[in-house]
Amino acid sequence: MRGVRRLYVAYLTVILLGVAYVTVLGLMGR
Amino acid sequence: MTAARSFVKDNALGLAFGGMFLVTLVGQAISGAADYNAQQVTNGLEPVSILDYVTSSSFGVDVMENWQSEYLQFFLYIFATVWLVQRGSAESKEPGDEGMESDEEQRVGEHARADSPAWVRAGGWRTTVFSRSLGLVMGGIFLLTWAASSVAGWAAYNSEQLAEKQDTVSWAGYLGEADFWNRSFQNWQSEMLAVGSMAVLSVYLRQRGSPESKPVGVSHAETGETG
């Protein structure tokens, strides 16, 4: 189950990084 | 089997879709930049590099407006299927089983087992939260991605306004703009149709071996048995 947990964390990380990245782009007015 | 091979086999679904996500995101970046540059040329402006494009709010809002609708879809589906059934559907519980179900069926409270997740055995607020965690996280991601799409959409909208020598708007002002709601609704409508189709088409159609389908030989009238 350790590998599965890593994949679970990877999915959540990608989602949150995507949200943060796009929010920053917007706030910077790019 | 080596550890690496068994990792791949055990996680094939998550890995395959994760990989396809990355490939299609690159596809969106390449085709989006080409489309954006065609527009730039039409407007008599300089084309931009792909790096400039993927760091623009125009790319950001195109990505995020699709993400938000997918998470809205799953959030609504997870909660709706607790309370609503579709007779004959592989995606539904049996008519009569609507609602939160008993502690025994859900293995909570005194029915928790030794291998139940820690927050189930803990009881109290932790069990209450954990019992709704899938819907809460999907709903939370929907709100975050929708908010991100509004911020990037606002910036992209304002750069278009500037290019057309029009007034820019505040973020709150953008939330009242047709652009924001058009982006939201055009994604939402497709999700609602797709989810409704899945619920209804799985009554009469089968996919052998898929857990999204009833077993091939099961009667159309039978609800909720997957195989």
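Two residues are taken to be in contact if their C-beta atoms, placed from the backbone, lie within 7 Å. The structure examined here is a predicted model, in which local features need pLDDT of at least 70 and side-chain atom pairs count only at pLDDT 80 or more, while totals for chains, interfaces and linings use all residues. Residues are numbered from 1 along each chain as its sequence is written, and chains are lettered from A and ligands numbered from 1 in the order in which they are written.

Nonpolar covers Ala, Val, Leu, Ile, Met, Phe, Trp, Tyr, Cys and Pro, charged covers Asp, Glu, Lys and Arg, and the others, Gly among them, are polar.

Within chain B, the domain assignment gives domain 1 (1-55) and domain 2 (57-97 + 134-227), with bounds from an automatic or database assignment. Taken over C-alpha atoms, the centres of these domains of chain B are 21 Å apart. Seven residues of domain 1 are in contact with five residues of domain 2. To the domain 1 side, helix H2 (12-42) and helix H3 (50-54) of chain B each supply at least two residues, and the largest share, four residues, comes from H2(B). That side of domain 1 comprises four nonpolar, three polar and no charged residues.
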